[in-house]
Amino acid sequence: MATTAQLFEEPFDADEYIERLAWRTPGGGSKGGVEAFDPKKLLEEFVNHIEELKQLDERIQRKVEKLEHQCHREAKEFAHKVQDLQRSNQVAFQHFQELDEHISYVATKVCHLGDQLEGVNTPRQRAVEAQRLMTYFNEFLDGELRSDVFNNPEKIKEAADIIQKLHLIAQELPFDRFSDVKAKIASKYHDLERQLIQEFTAAQRRGEIGRMQEVAAVLLHFKGYAHCVDVYIKQCQEGAYMRNDVFEDIALLCQRVNKQVGEVFCSPETVMAKLIQSIFENKIQAHVKEKLDGTRNSDVEQYLKNLYDLYTRTTALAAKLTDFNLGSDKHTFVSKLIKNIFSSYLESYIDMERQYLQSRSGMILQRFYDSKNHQKRPVGAGSIQELKEKIRQRTNLPLGPSIDTQGETLLSQEVVVNLLQETRHAFERCNKLSDPADLPKNAFSIFLLLVEYLCMDHIDYALEIGLSAIPSADAKNANLYFLDVVQQANTIFHLFDKQFNDHLMPLISSSPKLTECLHKKKEVIEQMEVKLDTGIDRTLNCMIGQMKQILAAEQKKTDFRPEDENNVMIQYTTACSKVCAYMSKQVERVRKSMDGKNVDTVLTELGVRFHRLIHEHLQQFGYSSMGGMLAICDVAEYRRCAKDFRVPLVLQLFDTLHALCNLLVVAPDNLKQVCSGEQLTNLDKNLLHAFVQLRVDYRSARLGRHFS
């Protein structure tokens with residue numbers, strides 16, 4: 001393998017290099033197996049290669065020494081060149097300093113000479129200008145304008161400049177000596193001003209922006225410049241209001257004019273502000289007046305809708321217009337324009353809102369009661385009838401028949417939705433049209449109207465009528481529709497609460513009125529909950545009363561003391577079957593009428609009363625052995641019915657009652673053992689004894705000894 005410097009370039013691996021050398025040597029690698037390996041040849045190759053490497057090293061070393069010598073020589077030459085350049089640079093820098101000083105000297109002389117020339121030329125120019133103006137002044141003094149500048153229409157710009165200056169000079173002259181010439185100059189001044197405005201108007205009609213800009217620049221120094229702006233504003237609005245939507249027309253007009261104003265006038269923000277002021281004070285104000293004044297006294301609903309729509313669209317337009325350059329305080333400027341238009345309407349807004357909401361809510365409620373042919377009764381009037389009703393509600397005393405509503409709840413979700421919708425619109429208008437300082441107070445007044453008409457005049461009234469319609473506990477075939485009232489009142493109040501959170505809270509959340517609103521809401525809820533609780537309690541009493549009547553009518557004493565003990569074929573008594581069927585329907589009604597924890601609370605109370613009823617009912621009879629078995633079957637059916645309650649306490653009570661009924665059939669010798677069982681061990685012995693006493697064999701079997 002030839003040895004060259006390229007073999008040792010990076011990356012260099014010595015092991016790989018040796019391996020490659022050995023592999024290329026005949027007999028030095030693994031080719032041919034162990035027999036082909038010849039260490040002598042490999043050693044000879046390594047010795048020869050080492051010699052080649054030594055020779056290569058000597059050649060490279062000589063080359064390195066040669067390059068180092070060349071590098072030292074070139075470094076000395078470069079150092080000499082750098083020294084020569086430094087000396088040349090120093091000489092050049094000295095020359096530059098001398099030149100700079102000379103230039104400064106010459107510049108000082110030139111500035112001084114310029115000042116001297118200006119001092120001579122300025123008075124000269126003023127004198128020339130004064131002479132020129134005096135020449136033109138003499139023409140006015142003579143009464144004959146001979147100069148071409150006053151007679152050539154194409155030089156109107158130059159004439160305007162001259163006459164404007166002559167007009168200023170004439171103001172300083174005494175009137176008694178120069179009255180005629182002052183009048184002539186003033187006449188020419190106004191004539192040129194009129195011509196310029198006419199030229200500006202013609203250029204605007206032709207759409208010549210460049211000519212408009214020139215004329216406006218000339219008129220800027222004339223008193224008629226403001227009139228020029230007025231003419232421009234009036235003319236740019238001609239034909240701009242072609243659509244039915246005036247606000248859209250105004251937005252497009254201002255967008256178009258804004259670009260043009262910047263090209264024509266030197267102070268576009270002033271012109272643009274004047275245009276917007278003109279639009280607000282004329283077009284928008286007339287439009288608002290037309291829409292509102294016609295309905296203010298005739299149609300309050302339409303008036304409020306129009307006021308909300310117009311104010312909303314005007315403020316939206318104003319927000320767009322503030323994107324234009326209207327000066328430094330453009331937001332205040334636009335706010336004042338809006339206030340000037342709507343202030344007279346906004347001052348009386350909340351009174352009209354409340355007046356409309358009262359009449360509208362009253363009409364919705366009256367229309368509903370009329371559709372039901374219901375004459376609304378005064379509630380809480382303090383009459384004898386009211387006193388009797390309150391006594392009957394609290395004592396269940398039969399003080400006369402209850403009110404018959406034919407099952408009508410006098411609650412309507414349609415009415416509620418209409419009332420809430422009207423109030424929602426009122427809240428939206430209140431938020432937009434009220435002053436920020438008055439917003440919480442106004443929103444609270446609307447909320448009070450909602451409470452009055454929805455909560456008091458509708459829900460609370462329906463609860464009062466519902467309470468009055470609940471029959472007494474001993475009434476036959478009672479229609480327990482109060483649960484329907486509960487269901488609808490619950491649904492309605494959820495809607496009321498949603499509107500409270502969604503529409504009222506954002507308006508009052510950061511004001512002291514929040515506390516008042518929450519207190520009022522809590523007060524209304526508590527008032528209704530008291531009536532709901534009273535109605536539910538009396539409804540549960542009626543349910544128990546209905547089951548008492550079923551048991552009294554269907555349960556016979558012979559059911560539990562059959563004449564033929566060996567011929568009892570029924571699984572449970574007819575009374576039990578009818579009571580369980582009735583109770584299952586009532587449980588389902590309770591579940592449909594309520595939600596959340598209220599279901600469990602009411603079912604727990606109903607279940608406890610149901611258990612008490614059955615417990616007391618069973619203690620009215622005597623039981624034979626077969627009658628006791630039938631009583632156990634009845635209680636098992638009652639317990640199955642109790643499972644529908646899904647209340648652990650109720651099921652536990654019926655489990656205990658079932659265990660008590662086992663005392664009616666257990667063998668006398670096992671009675672004591674059963675009484676100490678798991679379900680009965682914690683019960684009062686008197687209760688156990690009372691149940692055992694119901695057995696017909698109590699005396700004959702001397703069962704009382706187990707409790708002595």
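**Exercise 1.** Determine whether Phe447 and Phe500 are buried or exposed, and describe how their rings pair.

*Solution.* Step 1: Phe447 and Phe500 are both buried, where buried means under 20% relative accessible area, exposed over 50%, and partly exposed in between, with a 1.4 Å probe and protein chains only. This is a predicted model, in which local features need pLDDT of at least 70, side-chain atom pairs count only at pLDDT 80 or more, and totals for chains, interfaces and linings use all residues. Residues are numbered from 1 along each chain as its sequence is written, and side-chain values use heavy atoms, with hydrogens and water left out.

Step 1: The structure holds 12 aromatic pairs; rings of Phe, Tyr and Trp (its six-membered ring) pair if their centres lie within 6.5 Å, and planes under 30 degrees apart count as stacked, over 60 as edge-to-face and the rest as tilted. The ring centres of Phe447 and Phe500 are 5.4 Å apart and the planes stand at 65 degrees, so this pair is edge-to-face.

Step 2: Because Phe447 belongs to helix H15 (residues 439-469) and Phe500 to helix H16 (residues 482-508), the pair ties together parts 53 residues apart in sequence. Helices here are DSSP runs (H or I, at least four residues), numbered from the N terminus.

Step 3: One aromatic cluster is formed by Phe444, Phe447, Phe493, Phe496 and Phe500.

**Exercise 2.** Which helices does the salt bridge of Asp484 and Arg589 link?

*Solution.* Step 1: The side chains of Asp484 and Arg589 meet at 3.8 Å, N to O.

Step 1: Asp484 is in helix H16 and Arg589 in helix H18 (residues 574-593), 105 residues apart.

Step 2: Asp484 is partly exposed, with a relative accessible area of 28%; Arg589 also counts as partly exposed, at 25%.

Step 3: Elsewhere, salt bridges that share partners join Asp460, Glu464 and Lys531 into one network.

Technical notes. Helices (H or I, at least four residues) and strands (E, at least two) are DSSP runs, numbered from the N terminus. A salt bridge is a side-chain nitrogen of Lys or Arg within 4 Å of a carboxyl oxygen of Asp or Glu.
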